[in-house]
Amino acid sequence: MQSRPAPFPTLGLLVLAGAIFCSVTGEFLPTGLLPEMAHDLGVSVPQTGLLVSVFAVTVVAATTPLAALTRSVSRKRLVVLVLLVNAGATVFSAVAPTYEVLVGARILAGLAHGLFWAVVGAYAAHLVPKEQLARAIAISGAGATAAFVLGVPVSTALGHLLGWRLSFVGLAVAMVVLAGLVVRALPPVDHGVSLATGEIPLPARRDPSLTPVLLLCVTIVFVLVGQNVFYTYIAPFITGAMGFGPDAVGLLLFVYGGAGVLGLVLAGLVATRHPVSSIAVAAGAVIASMVALAAAPQLQWLSVAAMAAWGVAFGSLPPLLQTRQMHLASERIRDLAAAGMTTAFNVGIGGGSLVGALILDRWGIETLPWVGAGILTVGTVLFLVLSLRENPRKASAASVIV
């Protein structure tokens, strides 16, 4: 008798999505509250924006070593642990009396966040077979999209209403709740690789999939730098160049994040059949949206439409890139590929916020979308060139499908 296939782990993936929601909200929470945090702590907006860089640099420096040190630890146990550590760091942020103390809290949160993504980046791949991977990543990736749809906008609105510190406290409570749900509902996974009789373990550096995995990570750095040069400072851009009042920041972030839901759905539909062309189209749409915001920021109807288009396009990119990475990586190096992708994302996030801070001080906020669009263009071209080199027989200008 043939064994019945394992049921699709919808509940577990939804819980994983909830954990991702909390972690991503915590990562980007300062972006909607930069002016309030800067005023309360007595520092400039660019200096406060560097909190994103500090967080990201910590993730970059710590993710791969922490992933290596915890390789033998249960993946499920690690998800619970890092959520609780992140919750503690978020409370620490909420009560920080000075900018320097807040930097320390963000470093602790970055350590937890980096290890979290090294684990959850490959969790869906351990739960389902490859043919279900795009669907599984779309479900778990809904947590990141929900963070932009609800997490960051609601936390921003709460911060404007009750103060930024209470916004951090509310997020910490949510992290503790999700840690409990992970214990109850997330299926454990066997993340080891079974060897055939007589088979010799292959070092990761000799795995043939390592080179394309690392090259995709390089592309991700360019894409995320371009995104975060501008997105990190979207709140002052909305109230400055776009001419909206402070109360509109949360609403426009909601528009951006809500549009990302459509991008997530589209990613789940096209990631398997069009893994390369879908990424190129999404990146191109982000570029076009930034150019529209740069060219006519005070034409408010156009700016709102561009924010929505930006949300749709960028909402699809993380799950598309994650699916691509898990398909490129062999089973042996999935965790390493996830750690590399986490590192690449945070190099881009931190690098983008740092470059944005330098540009903001020297040339003004109106320059940021132009710079972001330019860097994204470089990343998109690099991605296409590398993809075409991997599949020379399929290289055509009309259709790039791998």
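Thr 25, leaving aside its neighbours within four places in sequence, is in contact (heavy atoms within 4.5 Å) with Ala 147, Gly 151, Val 152, Ser 155 and Leu 171. Thr 25 belongs to helix H1 (residues 10-28), where helices are DSSP runs of H or I with at least four residues and strands are runs of E with at least two, numbered from the N terminus. Thr 25 counts as buried because its relative accessibility is 1%, the cut-offs being under 20% relative accessible area for buried, over 50% for exposed and partly exposed in between (1.4 Å probe, protein chains only).

This is a predicted model, in which local features need pLDDT of at least 70 and side-chain atom pairs count only at pLDDT 80 or more, while totals for chains, interfaces and linings use all residues. Residues are numbered from 1 along each chain as its sequence is written, and side-chain values use heavy atoms, with hydrogens and water left out.

**Overall fold**
- The protein chain has 14 helices and 0 strands.
- Of its 402 residues, 54% count as buried.
- Among contacts with a separation of 6 or more, 86% join residues 24 or more positions apart.
- The C-alpha atoms fill a box of roughly 65 × 50 × 35 Å, taken along the principal axes.

**Aromatic pairs**
- Rings of Phe, Tyr and Trp (its six-membered ring) pair if their centres lie within 6.5 Å; planes under 30 degrees apart count as stacked, over 60 as edge-to-face and the rest as tilted.
- By this rule the count comes to 8 aromatic pairs.
- Phe 230 and Phe 237 are edge-to-face, because their ring centres are 4.8 Å apart and their planes stand at 85°.
- Both Phe 230 and Phe 237 are buried.
- Phe 230 also forms a stacked pair with Trp 310, at 5.0 Å centre to centre and 5° between the planes.
- This second pair links distant parts of the chain, with Phe 230 in helix H8 (residues 210-231) and Trp 310 in helix H12 (residues 300-328), 80 residues apart.
- Trp 310 is buried, with 0% relative accessibility.
- Ring pairs join Phe 28, Phe 230, Tyr 231, Phe 237, Tyr 256 and Trp 310 into a cluster.

**Helix packing**
- The axes of helix H2 (residues 34-41) and helix H7 (residues 164-185) come within 10 Å and cross at roughly 115°; axes are lines fitted to C-alpha atoms, for helices over the stretch in contact, and angles run from 0 to 180 degrees between N-to-C directions.
- Glu 36, Met 37, Asp 40 and Leu 41 of H2 make the contact with Trp 164, Arg 165 and Phe 168 of H7.
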